[in-house]
Amino acid sequence: MRFLLEVSMDDEALAKDPAGELGRILRYWGGNLRHYPMKPGDGSEIYDSEYRRVGRWRIEPDAREKQDERQGTA
């Protein structure tokens, strides 16, 4: 599996204080992950400190798992 985290750095809060805002996002979502089973398909929107959507995290199968699913061997 792969854990993917995407955050747009163009957001107003991230443009003003990129390290501080990204650190806050990582701390918040790091603590929140325990509420998810952490399996492919899990994910959620990511919001900045002003509650504006700035990204998303998700869990995907790795490339080999995707190929097995397409071939019906998973």
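Predicted model: local features only at pLDDT ≥ 70, side-chain atom pairs only at ≥ 80, totals over all residues.
**View 1. Met38 sits in the loop between α2 and β2.** Met38 has a positive phi of about 60 degrees, even though it is not a glycine.

**View 2. Tyr51 lies in the loop between β2 and β3.** Here's another residue that isn't a glycine but has a positive phi, this one of about 65 degrees. Tyr51 has a relative accessible area of 71%, so it counts as exposed.

**View 3. Arg52 and Glu12 join side chains in a salt bridge.** The N to O distance for this pair is 4.0 Å. The two residues come from distant parts of the chain, 40 residues apart: Arg52 is in the loop between β2 (43–47) and β3, while Glu12 belongs to helix α1 (residues 12–16). Take a look at how open each partner is. Arg52 is partly exposed at 31% relative accessibility, and Glu12 is partly exposed too, with a relative accessible area of 48%.

**View 4. Glu45 and Arg53 form a salt bridge through their side chains.** The N to O distance here is 2.0 Å. Glu45 is partly exposed, with a relative accessible area of 23%. Arg53, on the other hand, is exposed at 52%. Elsewhere, salt bridges with shared partners tie Asp11, Glu12, Lys16, Asp48 and Arg52 into one network. If you count up the salt bridges in the structure, you get ten.

**View 5. Glu60 and Arg2 bring two strands together with a salt bridge.** Their side chains meet at 2.9 Å, N to O. Which parts of the chain does this pair link? Glu60 is in strand β3 (residues 53–60) and Arg2 is in strand β1 (residues 2–7), so the pair joins distant parts of the chain, 58 residues apart. Glu60 is buried, with a relative accessible area of 16%, because the cut-off for buried is under 20%. Arg2 is partly exposed, with a relative accessible area of 39%.

**View 6. Arg64 is found in helix α3 (residues 63–71).** This one is out in the open: Arg64 has a relative accessible area of 60%, so it is exposed. The C-alpha atoms of Arg64 and Met1 are separated by 9.3 Å, though the two residues are 63 residues apart along the chain.

**View 7. Helix α2 runs over residues 18–32 and has the span you'd expect.** Which residues of α2 are buried? They are Glu21, Gly23, Ile25, Trp29 and Asn32. As for what lies over these buried residues of α2, the cover includes β1, α1, β2 and β3. One handy thing to keep in mind while looking along a helix: an α-helix has 3.6 residues a turn, so residues three or four places apart point the same way.

Notes:
Residues numbered from 1 in each chain as written. Heavy atoms only, no water. Helix = DSSP H or I, 4+ residues; strand = E, 2+ residues; numbered from the N terminus. Buried < 20%, exposed > 50% of the residue type's maximum accessible area, 1.4 Å probe, protein only. Expected span 1.5 Å × (residues − 1). Contact = heavy atoms within 4.5 Å.
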